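Work through the exercises below with the sequence and the model at hand. Each task is followed by a solution in steps.

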Amino acid sequence: MELSSLLVPSAVRVVGQFTSKKRLFQELGDIAQSAWNIPADPAVDGLQERETLGPTGVGHGIALPHARIEELDRIAGIFIRLEKPLDYDSVDRQPVDLIFCLLAPKDSGVDHLKALALVSRTMRDQSVVSKLRSNTDPAKLHAILVEARSTQEA
């Protein structure tokens, strides 16, 4: 599994700020619809439902919201870089500025976990995170993300 199969350029955005986690999830739903043709409402509902189980803010300014929803036939990724960090109830209580969202089919099983592990490894790489935080061009952010795992695996 490669990040290039999970993340398309149109699903990468730079956003100034959000006033709440709920507003962020609504934006993720809108991007899911425009970039992946995934209905926004089920995506938002799935993300909110998953978040009630425990925060997906993993620390160091990074959040990995994810959900399984009926309307999908493949795993889809969305990346947002925030210019102003959002209070996200992360495990380390730090606000987040890098959000990598995964939406997976309800029955994706191990593939969803593999995708989540791949994204998690990528977002733990300090050189990748530094590059993401120092760029504001969505095309460049996409390139950093999809090239990161390929370089590490080579």
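**Exercise 1: Burial of a strand**

Decide whether strand β6 is largely enclosed by the rest of the structure.

Solution. The model is a predicted one. Strand β6 spans residues 96–105. A residue counts as buried under 20% relative accessible area. Of the 10 residues in β6, 10 are buried, so the strand is largely enclosed by the rest of the structure.

**Exercise 2: Pairing partners**

Find how strands β3, β4 and β5 each pair with β6, and locate a facing residue for each.

Solution. 
- Step 1. Take β3, residues 62–63: two bridges link this strand to β6 in the parallel sense. Ala63 faces Ile99 of β6.
- Step 2. Take β4, residues 66–69: this strand also runs parallel to β6, joined by four bridges. Opposite Arg68 stands Ala104 of β6.
- Step 3. Take β5, residues 76–86: here the sense is antiparallel, with seven bridges to β6. Leu86 is set opposite Val96 of β6.

**Exercise 3: An aromatic pair**

Classify the arrangement of the rings of Phe79 and Phe100.

Solution. 
- Step 1. The count of aromatic pairs comes to one.
- Step 2. The ring centres of Phe79 and Phe100 are 6.1 Å apart and the planes stand at 65°. Planes over 60 degrees apart count as edge-to-face, so this pair is edge-to-face.
- Step 3. Phe79 belongs to strand β5 and Phe100 to strand β6, so the pair ties together parts that are 21 residues apart in sequence.
- Step 4. Phe79 has 0% relative accessibility and therefore counts as buried. Phe100, at 1% relative accessibility, counts as buried too.

**Exercise 4: A charge over a ring**

Which residue lies over the face of Tyr88?

Solution. The residue is Lys21, at 4.4 Å from the ring centre of Tyr88.

Conventions. Residues numbered from 1 in each chain as written. Predicted model: local features only at pLDDT ≥ 70, side-chain atom pairs only at ≥ 80, totals over all residues. Heavy atoms only, no water. Buried < 20%, exposed > 50% of the residue type's maximum accessible area, 1.4 Å probe, protein only. Pairing = 2+ DSSP bridges. Phe/Tyr/Trp six-rings, centres within 6.5 Å; stacked < 30°, edge-to-face > 60°. Lys NZ or Arg CZ within 6 Å of the ring centre and 35° of its normal.
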